[in-house]
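Thank you all for coming. Please bring up the model on your own screens, and I will walk through a few regions of it one after another.

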Amino acid sequence: MTIIIADNEDWQATSGRHFTASIAAVRTALQRCAARLSRTTDAGDTEPGSTPADDLETLARSLPRPPVLERICCQFSLTDFERHVLVLCAGMETEADFPQLCALINGGQDHSWPTFSLAFAAFPDVAYWSAATNEAPLRRWRLIQVDNTLPTRGQLRVAERVLHELQGCSLLDAQLARLVSAVPGPPVLPESHAELAGQIAAVWGDQAGSPLQLLQLCGDDPTAVRAVAAAAAARRHLRLHALSTSALPTDPEALEHVIRLWEREAMLAPVTLLLEWEEKADAAHVAAATRFVEELGVPLLIAARERLRAIHKQHLTFDVRRPAPREQFAIWREALGSSYELLEPHVDRVVAQFDLSAQAIAASAAVVATRSPDATPAELARALWDACRSQARPQLSGLARPIDAMAGWEDLVLPEAQQEVLRDITAHVHQRAKVYWSWGLGSKSNRGLGVTALFAGPSGTGKTMAAEVLARELRVDLYRVDISQVASKYIGETEKNLNQIFTAAEAGGAILLFDEADALFAKRGEVKDSNDRYANMEVSYLLQRMEAYPGLAILTTNLKHTVDHAFLRRIRFVVQFPFPDTAQREQIWRRSFPQGTPTEPLRYERLGRLNVAGGNIRNIALNAAFIAAEEGAPVAMRHILRAAQSEYSKLEKTLTDAEVAGWIDGSTEHTRDVRE
């Protein structure tokens, strides 16, 4: 008789009947074994029943796909004997009479559980010894567990996860649930990401044994990598879970257990795993993650910022890049909705400045949506910019530190020619979108599109302040790169550090200030040994990254003549910061004390004679303010004189009479007495 299955509920019901019939078949074998051992056939409920083999075959043939038990046996390549052992262990959890039958076979109520010895006796026609070993499917895949060091005598238990599956309830293993997290279904992806997800799904191995079980997804935006992975998994009709390398156990035995559990999970259910490789993982977790990747026998995705070179297993690598500008415009249009038309001119500049993911764009648009309906277009534009700046803020701890850009144009004392160049720099950053995209000047190549500048001049002449002014004018973040942390004596480390800096800063287009960069950007000489060759490679790599960097990269040097001319040709702007003359020093002094600072009438024209740079002038002014505050008096010339003497001592210079003549009562002699 043929049974017609109408829908999934009917399949589940019939699959359940198939499992029940399988338990009945095992019960019959136990009853016969118990009767045989007791040499009687009138032992009540130990009387053998009919063998339901025909019923099992009929039920299996009636289903449009194999019942759960048959699928498990097929997936794990279980023999008839191993199948009987698995059903026996499951029956112990569901059937009230199984413990009694086991006690009868084991010879006492104190041993009312199944063992391999019992199974050998109950299923003699199909039994074999190696099924009880660690490498046989039942124990290798943790389908059952043995509560004893001697497998033939130890109590056998079915794994809870397997029991649930046999009962038609597909739940993630409890031990794995503590390590992994479910990744939500994929959102609407940008066109390039959707295409990439299709490519990944197309080459993805179906199951164990596929030559391409390992795929590596590289990108600096973990959210985008997850979204692409989820989309690829969905195309393979798989549920995606994520596992962090730091969650893996470092103990070898515990790690092997996790590997087997996940292999079992991948064969029981339509799931796959995304291993998220942490850059700052310690050596023990890196070793554990490497072993996990190498030994896992089911398909796996790896998410990493950069390509992992230590993985020897055959794999393919896909780069998950941020959406292209044209895609970002489309995402902004959808995210802003009715506000897009009003903010469209500002979106152009936002896209040119910030390289945001789809998720970051959605979050920024949500911030704009919270603004008051009465907000002006200017207020909405400012909210949009600030939200994007916050979303794109880079993480550069250890290699660079943020600088709070407080200085404005009014604080900068420079000749007009230098100020004009600085304003040209802001124009180049402001108008990137129009010139490169609308006017098409960036359509041929990305090379040379970065805005780069070299600030050269003695220490204290305003190079760092000028960078602050630009950051404040452009409303972007400013980071000072720690050259001592970037430059490394180890081959390849300097390039790695530079790559980390530029990659982290690209999304926000931050200003990167390589301050006092002489050590890294010094003139390249003739290649005399391997050290010279690698030093030149570092400079070449730096130039390549600077030319493609979407933000502004500023290099400062005290010694312009040490910079290679080949290097200078590839810098768009060079600003020479001269040592300030007397008139400029006077201007700096006039701007040194804010309006709220109490001062006596100061002789600025005489302060301008002090032959120091602007940075030293600010140090003297600050020190004088502290001296006056401690004295409880307004800042006076005598306080500045004491502060100047301290600054000159630090510089190992002599404070001359010509510099301080007339500072106090117009008397050089009196001034000398005060200094002494």
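This is a predicted model: local features need pLDDT of at least 70, side-chain atom pairs count only at pLDDT 80 or more; totals for chains, interfaces and linings use all residues.

Let me begin with strand S7, residues 300-304, where five of the five residues are buried, so S7 is largely enclosed by the rest of the structure. Buried here means under 20% relative accessible area, with exposed meaning over 50% and partly exposed in between, using a 1.4 Å probe and protein chains only. Residues are numbered from 1 along each chain as its sequence is written, and side-chain values use heavy atoms, with hydrogens and water left out. The names I use for helices (H or I, at least four residues) and strands (E, at least two) refer to DSSP runs, numbered from the N terminus.

In a regular strand the side chains alternate between the two faces of the sheet. In S7 both faces are covered, with Leu300, Ile302 and Ala304 buried on one side and Leu301 and Ala303 buried on the other. S7 runs parallel to strand S4, residues 214-218, and five bridges join them; two strands count as paired if DSSP finds at least two bridges between them. In that pairing, cysteine 218 stands opposite alanine 304 in S7. S7 also pairs in the parallel sense with strand S6, residues 271-276, over four bridges, and there glutamate 276 stands opposite alanine 303.

Let me move to another sheet. Which order do its strands take? It is an open sheet of six strands with mixed pairing, in the order S9-S11-S12-S13-S10-S14. Its edge strands, S9 (400-403) and S14 (573-576), each pair on one side only. Neighbouring strands are turned by 25 degrees against each other on average, direction ignored; axes are lines fitted to C-alpha atoms, for helices over the stretch in contact, and angles run from 0 to 180 degrees between N-to-C directions.

Within this sheet, S10 (residues 451-456) pairs with S13 (residues 552-557) in the parallel sense over six bridges, and S10 pairs with S14, again in the parallel sense, over four bridges. Phenylalanine 455 stands opposite threonine 556 in S13, and phenylalanine 455 also stands opposite valine 575 in S14. In S14, Phe573 and Val575 form a covered face, whereas Val574 and Gln576 form an uncovered one.

Helix H20 (residues 463-474) lies across S9, S10, S11, S12 and S13, running at about 175 degrees to S12, while helix H22 (residues 493-506) lies across S11 and S12 at about 155 degrees to S12. Asparagine 499, found in H22, is buried, with a relative accessible area of 17%. Leaving aside neighbours within four places in sequence, asparagine 499 is in contact, meaning heavy atoms within 4.5 Å, with Glu306, Tyr541 and Arg545.

H20 also meets helix H18 (residues 416-430), their axes coming within 10 Å and crossing at roughly 35 degrees. Leu422, Ile425, Thr426, Val429 and His430 in H18 meet Ala466, Leu470, Glu473 and Leu474 in H20.

A further helix pair is H14 (residues 325-336) and H16 (residues 358-369), which pack at an angle of about 35 degrees with their axes 9 Å apart. Their contact is made by Gln328, Ile331, Trp332, Ala335 and Leu336 of H14 and Ala358, Ile361, Ala362, Ser364, Ala365 and Val368 of H16.

Finally, please look at valine 612, in the loop between helix H27 (604-607) and helix H28 (614-631). Valine 612 counts as buried, at 2% relative accessibility. Leaving aside neighbours within four places in sequence, its contacts include Phe579, Pro580 and Tyr648. That tyrosine, Tyr648, is among the buried residues of helix H29, and just after H29 glutamate 652 takes a positive phi of about 60 degrees.
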